[in-house]
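Here's a walk through the pockets, charges and rings of this structure. Keep the viewer open and click along as you read.

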Amino acid sequence: MSALGRLARKIAIRLRGERFGGELDEEMAFHREQMEQELQAGGMSTEESRRAAMRQFGNATRMQERSREVIGFRLETVVQDLRFAVRQLRRNPGFTVTAILLLALGMGASLAIFAFVDAALLQPLPYAQPNRLVEVTESLALFPRGNLSYPDYVDWKRMNSVLSSFDVYNGTSYLLQTPTGVVPVPGLSVSAGFFRTLGVQPVLGRDFHPDEDAVSAPATALLSYAAWQQRFGGRRDVIGETVKLSGSPVTIIGVLPASFAFAPRGNAAIFGSLQATGECATRRSCHNLIGVGLLKPGVTISAALANMKAIAAQLERQYPDSNRGQGASVIPLAQSITGDIRPILMILMCGAGMLLLIACVNVSNLLLVRSETRRQEMAVRSALGASRVRLARQFVTEGLMLVLAGTAAGSLLADAAIRILHGMIAKDMLDNMPYLRGMGFSPHVWMFAGAVAALAVAVFSLAPLLRLPGAQLRERLSEGGRGAAGPLWKRLGANLVIAELAIAVVLLASAGLLTKSFWRLLHVELGFRPDHVATLEVGLPHAEFAKNEQQVAFGRTLLDRVRMLPGVESAALTTLPPVSCNCNTGWVRFVGKPYNGVHNEVNDRQVSAGFFHTVQAQLVRGRWFTEEDDASHPKVVVINEAFAQKYFAGEDPIGKKMGDTALKPDSLRTIVGVTANIKDGALDSEEWPTEYEPFAQDPSTYFSMMVRTAQDETTILPELAAAIHQMNPGVGAQDETTMTQRIHDSYSAWLHRSAAWLVGGFAALALLLSVIGLYGVIAYSVSQRTREIGVRMALGAQQSAVHWMILREAGWLTGIGIAVGLACSIGAAELMGSLLFGVRAWDLPTLAAVAAVLGFSALLASALPARRAARVNPVEALRAE
Amino acid sequence: MGKADLIPGTLDMLILTTLKRAPLHGYAIAQSIKRISDDVLTVEEGSLYPALQRLLVQGWVKAEWKKTETNRRARFYTMTAPGRKQLGLEVSQFRQMMTAIGRVLEDAEEAG
């Protein structure tokens with residue numbers, strides 16, 4: 001008979017619940033009646049027969065109980081256990097509250113972090129076939145994932161045999177004409193099949209027709225749900241309406257679902273069809289697109305990559321001038337979207353896990369100590385007939401209740417922590433992490449909580465079980481529970497404390513290294529002064545500002561106007577402000593230097609004449625731009641030191657000429673100055689070669705304005721936007737902020753800051769918990785050794801000797817803990833990889849500081865019990881026997 | 001003949017045997033065992049009901065409420081197919097045991 005079948009029948013009987021007792025009663029009553037009748041038939045009186053039957057039948061209640069025992073899971077005894085557990089826990093509120101708090105802390109931290117891990121890494125993209133979606137891009141030596149050019153995309157799409165659909169997008173910003181003026185709205189320019197590839201259907205209207213991105217097709221666009229609600233009042237008749245986007249009429253054809261978001265540009269409000277117009281779309285060397293493909297069923301990433309690489313190689317042979325070195329990259333779309341948040345989440349998950357581990361170790365230690373003091377209770381219960389299983393079950397029940405309470409409190413804590421952590425992420429960063437939107441207690445998180453809780457119950461019931469009295473039962477009873485701590489416990493407890501201290505060291509060292517990295521990051525050589533600089537981005541409508549002269553004229557007037565504002569010291573334009581990215585690159589070739597066709601990739605920025613002065617960059621050689629360097633004068637260029645070192649090592653670059661890969665005459669420029677490196681890319685990035693060209697010689701419709709002020713730069717922000725709108729209400733102004741804020745909000749700063757703060761928080765808690773753990777072990781050891789200490793003192797041991805003895809015990813544990821921890825933390829730091837900046841894993845000052853902090857805290861924690869030990873009165877200690 | 005205690009472990013087998021012919025209620029089972037054994041075997045009520053619960057849990061018997069001949073409500077136990085198999089097993093084991101014990105006793109008598 002299978003145990004499962006038995007269990008099922010037990011449950012079936014149980015489910016009938018109350019009726020079980022009733023049935024048994026009735027059945028027995030019937031039995032007694034039958035007996036009475038028989039006895040009466042034999043000549044007994046009613047009264048006599050009833051008594052005889054009762055006598056023979058025996059104790060009905062006892063029988064009921066025995067019958068119940070057969071069928072039950074001994075629910076009654078479970079209830080007994082529960083009641084007893086509650087009584088035990090309430091009798092010792094200090095222990096209970098401490099244990100629950102410890103658990104809540106560990107659980108809260110790991111649940112909160114896991115909620116992020118779940119949202120970012122486990123939950124697939126909110127699209128139809130997330131596992132088959134890939135990001136397809138070109139690949140270069142400098143950019144493992146570089147943009148596609150339109151002609152390359154067309155060829156890749158036509159020639160590949162691995163994708164069932166292949167589309168491209170390009171993040172953009174549209175100037176939307178509204179009744180109150182022009183507003184810049186973030187958008188995405190997509191090829192016609194984009195939404196079909198993702199597997200997303202509009203909730204209103206229609207998707208693009210397959211050929212709607214043809215140059216001849218009328219311009220159409222879809223709206224995000226949020227944009228539809230906010231900008232168009234959720235009107236259903238918005239479909240078919242024509243709006244003006246960046247000066248051109250575009251027809252709205254559909255609205256996307258509220259749940260839809262495309263992470264690379266999560267705040268995109270308008271999705272326009274990507275039409276291959278403009279000079280860039282015809283040039284293989286103009287890379288501005290990112291591909292999204294749907295793998296054919298059964299095709300692996302590596303097969304797709306091989307296919308794309310082969311195509312790229314073929315194109316490289318066919319078009320050596322433009323496609324030299326242009327390989328291919330195919331990665332899962334999910335990875336491309338959450339890839340940059342992955343390392344920090346992993347680190348945090350490890351940190352939270354370690355904190356949880358420390359918390360569990362502490363609770364186990366508490367339980368061990370408690371089980372030690374309950375040996376007598378267990379021995380008595382065992383002597384009175386409680387089976388080993390029953391005693392074990394008592395521990396399981398108590399562990400279960402602790403964990404349940406801890407998990408409940410931990411969930412509340414996690415909920416609060418999730419809110420706080422969510423709030424720590426800047427708004428526009430959150431826009432690009434739409435997967436964090438619905439974050440919280442998902443089924444995955446509950447499952448994780450359940451698994452952790454189950455594990456904790458197992459550990460907590462196992463720990464005291466090790467102490468269950470076995471054969472030496474009588475010995476225990478007679479011992480009166482006053483013996484020395486069992487060697488097993490002593491060893492286990494001590495080992496647990498060492499583990500705890502080691503984990504604390506790892507967390508402290510990690511926190512130290514991360515904090516140092518963050519500090520280094522904030523003090524990285526920027527090459528300019530970010531304070532007192534206000535910035536905002538300006539977008540000129542293409543239709544109105546099609547000609548270069550118009551763009552230059554607007555820029556000049558704007559700067560003149562802004563310079564008149566009170567408090568403005570200087571103002572300048574740049575196509576990309578510092579601390580953005582090593583991107584927007586161009587290829588250069590030098591007159592008079594051998595050229596083998598290699599693409600010399602350099603950052604390419606167009607800046608107005610006052611730029612270097614406004615950001616206060618350092619001139620190394622030559623001169624800055626002047627107002628003279630405009631379209632009517634010879635083309636000039638300023639390069640940075642990294643550029644000079646890479647391409648003009650050992651020679652003077654001033655006066656040298658450079659141009660595009662073909663050295664076309666109109667691309668030639670003369671190098672007039674060398675600037676000290678200005679941090680163009682992220683704070684933690686390397687310095688790339690950068691060329692700065694005069695805005696007046698190569699303007700653009702989209703640029704940033706940088707304004708240096710004498711007073712607090714935030715006060716001028718509203719005036720800047722107002723000045724632009726006064727000049728031309730059709731021009732968009734957005735992202736008004738300060739340079740310091742920009743740096744503060746930049747991704748690398750955020751990443752390092754949050755890593756340092758969170759791991760620092762974990763480390764502080766870990767330090768506290770492990771020191772409490774050490775205190776507990778030493779204090780308990782002292783209390784158990786009172787008799788021994790008494791004997792020692794009676795035999796003439798000095799107070800200082802006893803004091804020293806206890807400190808030495810604690811010192812050993814701490815020493816081993818620190819040594820193990822330091823070894824582990826070097827390994828852990830190696831794993832942190834890119835999160836460390838300007839700091840080595842074996843950064844000695846940090847490790848020494850960690851060892852000192854932990855050693856000192858441990859000394860404090862053990863000083864108290866050591867003092868108590870030294871004050872033991874030998875007479876009292878021995879009389880207590 | 002006086003009353004004898006049951007050989008330990010045989011109660012389940014005896015109950016199942018009585019249920020072989022027809023479904024019976026608890027009282028009838030006890031009576032039947034007593035009668036057939038010529039009053040030698042007495043089933044204690046204190047053992048009978050826990051044993052019946054055990055058999056229910058094992059799935060060897062089923063129970064249902066029915067009317068008796070005297071129109072009283074009583075709980076009738078019926079043997080199930082696994083119960084029948086179990087009975088066969090227990091009987092054959094018991095027989096083996098008895099034969100073995102018998103041989104040991106005979107051997108002792110011959111020697112004596």
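Helix 9 of chain A is the top contributor to the lining of the second largest pocket, supplying 5 residues. This is a predicted model, so treat everything below as computed from it. The pocket holds about 400 Å³ of space. It is lined by 23 residues, and those closest to its centre are A:Ser224, A:Ala226, A:Ala227, A:Asn267 and A:Ala268. Two elements give two or more residues to that lining: strand 4 (181–190) and helix 9 (225–232) of chain A. Sorted by class, the lining comes out at 15 nonpolar, 4 polar and 4 charged residues.

How many cavities of 30 Å³ or more does a search of the whole structure find? The search turns up 1, and the largest cavity has about 140 Å³ of space. Its lining includes A:Ile113, A:Phe116, A:Leu348, A:Met424, A:Trp750 and A:Ser754. Helix 6 (93–122), helix 13 (342–373), helix 15 (388–424) and helix 25 (747–784) of chain A are the elements that each give two or more residues to this lining.

On to the charges. Side chains of opposite charge can pair when their charged atoms come close. Over all chains, the search finds 29 salt bridges.

| Residue | Partner | Closest N and O atoms |
|---|---|---|
| A:Arg51 | A:Glu47 | 4.0 Å |
| A:Asp207 | A:Arg196 | 3.5 Å |
| A:Lys516 | A:Asp843 | 2.8 Å |

A:Arg51 and A:Glu47 sit in helix 3 (residues 46–57) of chain A, 4 residues apart, which is about one turn of the helix. A:Glu47 has 42% relative accessibility, so it counts as partly exposed.

A:Asp207 forms its salt bridge with A:Arg196. A:Asp207 lies in the loop between strand 5 (204–205) and strand 6 (220–223) of chain A, while A:Arg196 is in helix 8 (residues 194–198), so the pair ties together parts 11 residues apart in sequence. Is A:Asp207 buried or exposed? At 13% relative accessibility, A:Asp207 counts as buried, whereas A:Arg196 is partly exposed at 41%.

The salt bridge between A:Lys516 and A:Asp843 links distant parts of the chain: A:Lys516 is in helix 19 (residues 487–522) of chain A, and A:Asp843 is in the loop between helix 27 (799–832) and helix 28 (844–870), 327 residues apart. A:Lys516 is partly exposed at 22% relative accessible area, and A:Asp843 is buried at 13%.

Some charges go beyond simple pairs. A:Asp152, A:Asp155, A:Arg158 and A:Arg284 are linked in a network of salt bridges. A:Arg284 also lies over the face of A:Tyr319, 3.7 Å from the ring centre. In chain B, the charged end of B:Arg73 sits over the ring of B:Trp65, 4.4 Å from its centre.

That leaves the rings. The structure holds 26 aromatic pairs over all chains. In one of them, the rings of A:Phe590 and A:Phe643 have centres 5.9 Å apart and planes at 90°, so the pair is edge-to-face. A:Phe590 belongs to strand 14 (residues 585–590) and A:Phe643 to helix 22 (residues 641–647) of chain A, so parts 53 residues apart in sequence are tied together. Both A:Phe590 and A:Phe643 are buried. A:Phe695 and A:Phe703 form an edge-to-face pair too, at 5.2 Å centre to centre and 75° between the planes, and both are buried.

Technical notes. Residues are numbered from 1 along each chain as its sequence is written. Chains are lettered from A and ligands numbered from 1 in the order in which they are written. This is a predicted model: local features need pLDDT of at least 70, side-chain atom pairs count only at pLDDT 80 or more; totals for chains, interfaces and linings use all residues. Side-chain values use heavy atoms; hydrogens and water are left out. A salt bridge is a side-chain nitrogen of Lys or Arg within 4 Å of a carboxyl oxygen of Asp or Glu. Buried means under 20% relative accessible area, exposed over 50%, partly exposed in between (1.4 Å probe, protein chains only). On a 1 Å grid over the protein atoms alone, a cavity is a set of points where a 1.4 Å probe fits but cannot get out, and a pocket is an open set with protein on both sides within 12 Å along at least five of seven lines; lining residues have an atom within 4 Å of a point. Grid points are joined across faces, edges and corners, and a volume is the space filled by probe spheres set on the points. Ala, Val, Leu, Ile, Met, Phe, Trp, Tyr, Cys and Pro count as nonpolar, Asp, Glu, Lys and Arg as charged, and the others, Gly among them, as polar. Rings of Phe, Tyr and Trp (its six-membered ring) pair if their centres lie within 6.5 Å; planes under 30 degrees apart count as stacked, over 60 as edge-to-face and the rest as tilted. A charge sits over a ring if NZ of Lys or CZ of Arg is within 6 Å of the ring centre and within 35 degrees of the ring normal.
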